[in-house]
Amino acid sequence: MLKLGTAHKIISPSDIDKILLSGMPRRGPLQGKLDDTEVNVNVLYDGNTYVVTCVLDLVFVYKEMHDEIVAGIQDQLPDAHLILSCIHDHSGTATPRDGDDESHRAAAKTAARLVIQQSIAAILEAADQLSEVEVGSTRAYLSESLGSCRRAKFDNGACVTAWGAGPIIPPGRKWTGYGGQNANWIDILAFRKRGETKACAVMTSYGSHIHFYEVPMLTGEGGGYARAKMRDVLPQTAISYFTAYAGDEALLFNHPMPEGDEKALIQWQRDSSEMFATSFAECVQQALGQIAFADLESIAVEDYYWEDERETGGRKACYLLQSVKLANTALCAMPGEMFLEWDDVLRDRCQADHVFVIGYNISWLGYVATPLGFEEGSYECMRGPADKIGYGDNPRRVKSGTDTGDELISKVKEQLSTLFS
């Protein structure tokens, strides 16, 4: 019988005046905190296998973090499959404001160490609270798109990134619409204790950049607000918010920023995040009533890991794919910022009834555009193409290319074929 334990911890750093936002360092040092950042953990156990999902309010996660967390839980959870990811929060830390100032460097190190310590503590706490659960999943469709493709297409087929202010249209050209799909669905993986009628834990997967960020304030951004709102409408339910495909999706597109001072921008950020969170939580709450829960006797896992001994930018290149079978649902952890269109390719002729995607794992592939995306152009495609997955020897550190997405999705589908055959 499947068992589940959950926990979450605060990872907001102290001495925030001494560090920069790792996602948007050009905004300058942090000037305060709008809300806390967190780590959220789910520990699954079938009597033989542990699968741990750990999602952080950071802009990226790294292999070094993964290795330290694994070492920290090894005694209690030997050989656990750790799925480490982030929501791509652009107010994640921890870069020193002044690299020559020892106190600033120490503040950044302390913030980074806090993330590791709190992640380990949350995982071990969750593992101590395992209860028998049933599992269910669904895909919920939003009444209106909350995340839109940020690639605007012109009448000549070229695309540019629109961000929040709309595209700059060249003379003689017309804007014909978005350059790709809009994020109008939420994938949900839910658990409930045996004998109960309501979910005890809910995991959501949504394909969009989640930031309404323009001011240098620490915040969980849109994803953090959505998580908090779900806790309001689903009391006593453990909530984990995951970002799936986010290569060409953004929430900013639907909510252009106001002209005004910093106070107006802060209010815009709060209002926009609240608007997003309310619609998101209402959709999830309604969908939970339609989920059919079932017992699960065992977990099946397929891992694929590749590491390049060459170092680029001070880090080893790595490529990690993890697929988990949970009843009729496939949970897939993938790297980088995948274009939303890859979802259709992944689900085509997939044997799983539902696919739950976790993005931004420890792999570092950057934006993963479709082959057509490279032809159409836009900010996301400017650094390509490379020939193969990984860094290669390109001095510009190209992270992905025209073949990357096909190779990645093909490998995931091989894993799912093995799990669900």
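Are Arg150 and Glu380 buried or exposed?

A: In this predicted model, Arg150 is buried, and Glu380 is buried as well. The two residues form a salt bridge, with 2.6 Å between the closest N and O atoms. This pair connects distant parts of the chain, 230 residues apart: Arg150 belongs to the loop between strand 8 (148–149) and strand 9 (151–154), while Glu380 belongs to the loop between helix 6 (371–376) and helix 7 (404–420).

A further salt bridge joins Lys153 to Glu376, whose closest N and O atoms are 2.7 Å apart. This pair too links distant parts of the chain, since Lys153 lies in strand 9 and Glu376 in helix 6, 223 residues apart. Lys153 has a relative accessibility of 22% and therefore counts as partly exposed, whereas Glu376, at 10%, counts as buried.

Helix 7 supplies another case. Lys411 and Glu414 both lie in this helix, three residues apart, or about one turn, and their salt bridge has its closest N and O atoms at 3.6 Å. Lys411 counts as partly exposed because its relative accessibility is 24%; Glu414, at 47%, also counts as partly exposed.

The protein carries 39 positive and 59 negative side chains, the centres of the two sets lying 2 Å apart. Of its 421 residues, 57% count as buried.

Methods
Residues are numbered from 1 along each chain as its sequence is written. This is a predicted model: local features need pLDDT of at least 70, side-chain atom pairs count only at pLDDT 80 or more; totals for chains, interfaces and linings use all residues. Side-chain values use heavy atoms; hydrogens and water are left out. Buried means under 20% relative accessible area, exposed over 50%, partly exposed in between (1.4 Å probe, protein chains only). Lys and Arg count as positive and Asp and Glu as negative; His and the chain ends are not counted. The place of a charge is taken as NZ of Lys, CZ of Arg, CG of Asp or CD of Glu. A salt bridge is a side-chain nitrogen of Lys or Arg within 4 Å of a carboxyl oxygen of Asp or Glu. Helices (H or I, at least four residues) and strands (E, at least two) are DSSP runs, numbered from the N terminus.
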